[in-house]
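Dear colleague,

I am passing on the structure below, and after it I set out what I found. Please read the notes with the model open beside them.

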Amino acid sequence: MRYYTLQIDGKEQVAASADGQALFLLPDFPDMNALIEAGGISEIPADAPEAGPGAVVLAPIPRPRQDILCLGINYAAHAEESARFSQAAFGGDRPYPIFFSKRTAWCPGPGAPIPSHADIVDSLDYECELGVVIGKAASRVSRAEAGAHVFGYTIVNDVSARNLQTRHKQWYFGKSLDGFTPMGPCIVSADEFAFPPALPIRCRVNGELRQNSTTDLLITSIPEIIEMVSQGMTLTAGTVIATGTPAGVGMGMEPPQFLKAGDLVTCEIEGIGILENRVAD
Ligand code: MG
């Protein structure tokens with residue numbers, strides 16, 4: 001099942017699609033978090049109205065209840081390019097994963113602009129990532145049990161201001177500016193994929209292929225992430241985990257190429273869809 005948040009006549013509504021084509025409204029659920037807490041649906045209700053052509057697709061969780069939990073440097077090739085950009089900020093041995101978070105007052109959906117924050121950002125960058133959405137709350141869960149706590153998957157663009165990320169001791173500020181977490185186009189339920197999912201993941205900038213990998217190349221896998229974090233921190237329903245980005249970000253290019261106003265960033269994960277956003281002025 002594929003789950004969407006739509007805006008229709010200024011009102012947000014949850015919708016689902018069994019075939020990826022027709023979207024049906026689910027008025028029993030006030031928002032996506034309520035649908036996630038309920039465990040989703042197994043089939044489209046017979047009386048569900050079809051969404052009309054005026055519906056706008058928003059981020060599936062437009063306002064997450066908590067910060068997005070993120071993995072840093074979680075693909076080997078991205079570790080190499082990051083250390084090349086800044087050995088001080090990204091180099092060295094890492095026996096344990098980097099966890100950080102993104103504040104997300106609201107997430108842009110497909111087609112919504114990415115604010116450039118040009119007055120304080122001189123090195124705007126993209127990071128296409130597989131987003132894991134937690135369903136049943138996870139506390140002290142083993143990796144063997146982790147899959148049962150995943151509601152589904154989405155695409156997250158972990159937009160980053162490299163100058164702010166490396167200037168401050170923590171990445172939090174440089175990752176958390178308004179509009180820095182585009183998400184979408186939908187959440188695909190976990191039962192549609194093997195666990196953990198091995199999906200081709202790509203990012204293009206103005207049509208040029210920049211990132212091209214698969215989601216089974218994570219250094220710390222999804223079951224390991226859930227096991228490790230849940231030993232001390234309950235992952236509640238609706239938690240979004242951004243699992244890290246593959247090689248090919250702008251700071252990894254020689255010379256680095258950062259985003260500028262008007263650039264079109266196209267994140268794609270096969271089986272989930274396309275999340276496309278243009279950088280605003
Ligand atoms: Mg990232």
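**Cavity and metal site**

The lining of the largest cavity is made up of six nonpolar, five polar and four charged residues (nonpolar being Ala, Val, Leu, Ile, Met, Phe, Trp, Tyr, Cys and Pro, charged being Asp, Glu, Lys and Arg, and polar the others, Gly among them). This is a predicted model, in which local features need pLDDT of at least 70 and side-chain atom pairs count only at pLDDT 80 or more, while totals for chains, interfaces and linings use all residues. Residues are numbered from 1 along each chain as its sequence is written, and side-chain values use heavy atoms, with hydrogens and water left out.

The magnesium ion has as its protein donors Glu127 (OE), Glu129 (OE) and Asp158 (OD), at 1.9 to 2.1 Å from it, where donors are N, O and S atoms within 2.8 Å of the metal (3.2 Å for Na, K and Ca), and water is not among the atoms, so sites may look incomplete. Along the chain these donors follow the spacing E-x1-E-x28-D. Glu127 and Asp158 are both buried, that is, under 20% relative accessible area with a 1.4 Å probe, protein chains only.

Of the 281 residues of the protein chain, 56% count as buried. Among contacts (heavy atoms within 4.5 Å) between residues at least 6 apart in sequence, 76% join residues at least 24 apart. The C-alpha atoms fill a box of roughly 55 × 45 × 30 Å along the principal axes.

Best wishes

Key
Buried < 20%, exposed > 50% of the residue type's maximum accessible area, 1.4 Å probe, protein only.
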